[in-house]
Amino acid sequence: MQLIGKMFFNRVMLGAVLVGSGLSASTAMADDDQVFGWVEKATLQPWDIEVKAKLDSGALTSSLDARDIEMFEQDDEEWVRFRLKLEDQASGEVFSDQIERPLYRELSVRGAGGRDERPVVLLEVCMGDTIYEEQFSLRDREEMNYPLLLGRRTISHLGMLDVRETFLQEPECGENATVVPHDPEDEQS
């Protein structure tokens, strides 16, 4: 198991032991470690759209509901154009805008239906009081319960995951929120 994978596994196991023993993870961990449930509210930046996010330790890469996905070239680089159609959980309004982002990489996913190629872009998401720039694969998740899935790459930056709980943190990222930029050197990236 790679070093980052071991660290993530140890943090999840420590959280399970602490929760199982009745100790609070926040008393045993550093003050800056937060505990997140398996479903949380998140806001997509810079649009400040609040959506439900499923924290899925079984997925490596995070995924976002996107429609009308198309690749194009701009200034000799590959870009992705897609439409977000998300209901803002805070206001009930539907956000439906076309977005363009540079292609970060392509992801090949194997599933029961065969192999699927998906574009991956960098986007910012607010979790708790911090904005994280993360990799998101784009796919139509309209039939899924959660428009935003956060995989292990993102979870490893957040803190602890308590799979028995939901909605432990509110997204509260103001103008002075800490921003954690994407690190291409991260072994899980």
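Predicted model: local features only at pLDDT ≥ 70, side-chain atom pairs only at ≥ 80, totals over all residues.
**View 1. Tryptophan 47 and phenylalanine 95 form a tilted aromatic pair.** The ring centres lie 6.1 Å apart, with 50° between the planes. This pair links distant parts of the chain, its members being 48 residues apart. Tryptophan 47 belongs to the loop between β1 (34-45) and β2 (49-55), and phenylalanine 95 to strand β6. Tryptophan 47 has a relative accessible area of 23% and is therefore partly exposed. Phenylalanine 95, at 16% relative accessibility, counts as buried, because buried means under 20%.

**View 2. Phenylalanine 72 and tryptophan 79 form a tilted aromatic pair.** Here the distance from centre to centre is 6.3 Å, and the angle between the planes is 40°. Phenylalanine 72 counts as buried at 15% relative accessibility, and tryptophan 79 counts as buried at 17%. The charged end of arginine 81 sits over the ring of phenylalanine 72, at 4.0 Å from the ring centre.

**View 3. Three strands form an open antiparallel sheet in the order β4-β5-β6.** Strands β4 (67-74) and β6 (94-102) each have a single partner strand and stand at the edges, so one side of each lacks a neighbour in the sheet. On average, neighbouring strands of this sheet are turned by 20° against each other, direction ignored.

**View 4. Strand β5 pairs with β6 in the antiparallel sense.** Strand β5 comprises residues 77-87, and its pairing with β6 extends over nine bridges. Lysine 85 stands opposite serine 96 in β6.

How values were computed
Residues numbered from 1 in each chain as written. Heavy atoms only, no water. Pairing = 2+ DSSP bridges. Helix = DSSP H or I, 4+ residues; strand = E, 2+ residues; numbered from the N terminus. Axes fitted to C-alpha atoms, helices over the stretch in contact; angles between N-to-C directions. Phe/Tyr/Trp six-rings, centres within 6.5 Å; stacked < 30°, edge-to-face > 60°. Buried < 20%, exposed > 50% of the residue type's maximum accessible area, 1.4 Å probe, protein only. Lys NZ or Arg CZ within 6 Å of the ring centre and 35° of its normal.
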